[in-house]
Amino acid sequence: MASPPDTSKTMKLERYNSYLRRVNSTKLLTASSKLLFRATLLIALVLILFFTLNYPPLTSDSTTDHHSRLHTRNNFLSSAFYGTGVGGAAWEKQVRHSSTPRRANGMSVLVTGAAGFVGSHCSLALKKRGDGVLGLDNFNDYYDPSLKKDRQALLARHQIFVVDGDLNDGPLLSKLFDVVPFTHVLHLAAQAGVRYAMVNPQSYIRSNIAGFVNLLEIAKAANPQPAIVWASSSSVYGLNTENPFSEHHRTDQPASLYAATKKAGEEIAHTYNHIYGLSLTGLRFFTVYGPWGRPDMAYFFFTKAILQGKPIDIYQTQDDKEVARDFTYIDDIVKGCLGSLDTSEKSTGSGGKKKGPAQLRVYNLGNTSPVPVGKLVSILETLLNTKAKKHVIKMPRNGDVPYTHANVSQAYKDFGYKPTTDLSTGLRKFVKWYVSYYGIQPRVKREFNLNPEESA
């Protein structure tokens, strides 16, 4: 009988191979675990860094709104992954190029609200004469943002960069002041409109008060501190009955929340001037109008309604008097803004510490010739070759005042401010821009056909 085959060597070989497989499997599992641990640790560190940079501590000021934090997070992601967001090399290059003056002793000006009506005109005027200009605007939707985007595009064609950002975004403002040693700030960003305050009051507090304070906080800490010119409003005169309105008249009876926030801004300016040595000039604008204007203003929506054949409301006072405004053409306002910048003295503080008394001023910028709203409508009817459908009603109690009239003698004395554009001339220029921008042809005279940029 044949002896059974010897299987001992085969069994030993199988046991050895099984042992090798267990060892290799253990090594692989250990290596995988280490790799997974390291990857998890790296991700955790990145997330901690991200939330540390982009979320305020639990004890932060409750006035920091969600929109500002969201804007900062988006910019952080852009710069981190693409290198062109806030803080990126390409972004900083744009900021510096736009802010650099092209004339000897030229200013480097931060213009807030640069995509707005007055802001865009002032930015163009500053750039045209060789100053460096950097814009800041949050492009909110108080009125159609597409108009602001078109203004931004116009500024871009003149080498003016507008940063999309909010006044309440402290890190963004700090970054701008780190990149550029601004000599001046022209602060025109604000929540405008008297009636809208009854709908969204918080937007006025957030922009006109909190935003202004945030800007002043950044400016006071800058070295050098910039001189600041900012937009107040004729609305601060409120229920004042003395005419024409003088800077020496009472401004402690505001008729609207908008007016109250602007008056608060004047008091806040006094405080920062007194404590920190910031040079501050407040400008009380009187009903500014013209090309690229705001759609919420009467002359603008009257024009639209007349062309569309829709009725317009014309207000009368409770005692049947006509409502009148000191309509001021945009070019005159721009001259006043630039004159204020040119005569601004340097701030006296350094790093948030005052070293001596600093300049503090407030001026009226108006046309000095109040015109009844009915007269405004008559001029538009002639220019548009169309009869308006008028609906005369009593002025509601919504914060509007019946009459404004500016005394500009102080502005004339200090920097030669002298308005030169009457309402008929100014409205003619506005209508030329309006029909060209919106492509309107019917019933409007051919003489109004004009490239919108020509009226900027």
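The following legends describe close-up views of a predicted model.

**View 1. The open sheet of seven parallel strands.** The strand order across the sheet is β3-β2-β1-β4-β5-β6-β13, with parallel pairing. From one strand to the next, the twist averages 20°.

**View 2. The pairing of β1 with β2, and two helices on the sheet.** Strand β1, residues 108–112, pairs with strand β2, residues 132–137, in the parallel sense over five bridges. Within this pair, L110 of the model stands opposite L134 in β2. Helix α4 (residues 117–128) lies across β1, β2, β4 (184–187) and β6 (280–285), and runs at about 165° to β1. Helix α6, comprising residues 170–179, also packs on the sheet, where it touches β1, β2, β3 and β4. The direction of α6 makes about 175° with that of β2.

View 3. Residue S233 is situated in the loop between β5 (227–231) and α8 (257–276). Is this residue buried or exposed? S233 has a relative accessible area of 5%, and a residue counts as buried under 20%, so S233 is buried. A polar atom of the S233 side chain lies 2.9 Å from the backbone nitrogen of S235. Apart from neighbours within four places in sequence, the residues in contact with S233 are Y258, K262, L283, R284 and F285.

View 4. The largest nonpolar core contains 75 residues. Which residues have the most contacts inside this core? They are V118, F285, Y299, L376 and L427. For L427, when neighbours within four places in sequence are left aside, the contacts are with Y289, Y299, L376, I379, L380 and L383.

**View 5. Prediction confidence along the chain.** The average pLDDT of the chain is 85, and 77% of the residues score at least 70. Over residues 51–84, however, the pLDDT is below 50. Beyond near neighbours in sequence, this stretch has 39 contacts in the model. Where pLDDT is low, predicted coordinates should not be read in detail.

How values were computed. Residues numbered from 1 in each chain as written. Predicted model: local features only at pLDDT ≥ 70, side-chain atom pairs only at ≥ 80, totals over all residues. Heavy atoms only, no water. Pairing = 2+ DSSP bridges. Helix = DSSP H or I, 4+ residues; strand = E, 2+ residues; numbered from the N terminus. Axes fitted to C-alpha atoms, helices over the stretch in contact; angles between N-to-C directions. Contact = heavy atoms within 4.5 Å. pLDDT = per-residue confidence, 0-100. Buried < 20%, exposed > 50% of the residue type's maximum accessible area, 1.4 Å probe, protein only. Polar contact = N/O pair within 3.5 Å; in protein donor to acceptor, adjacent residues only side chain to side chain. Core = buried A, V, L, I, M, F, W, Y, C linked by side-chain atoms within 4.5 Å.
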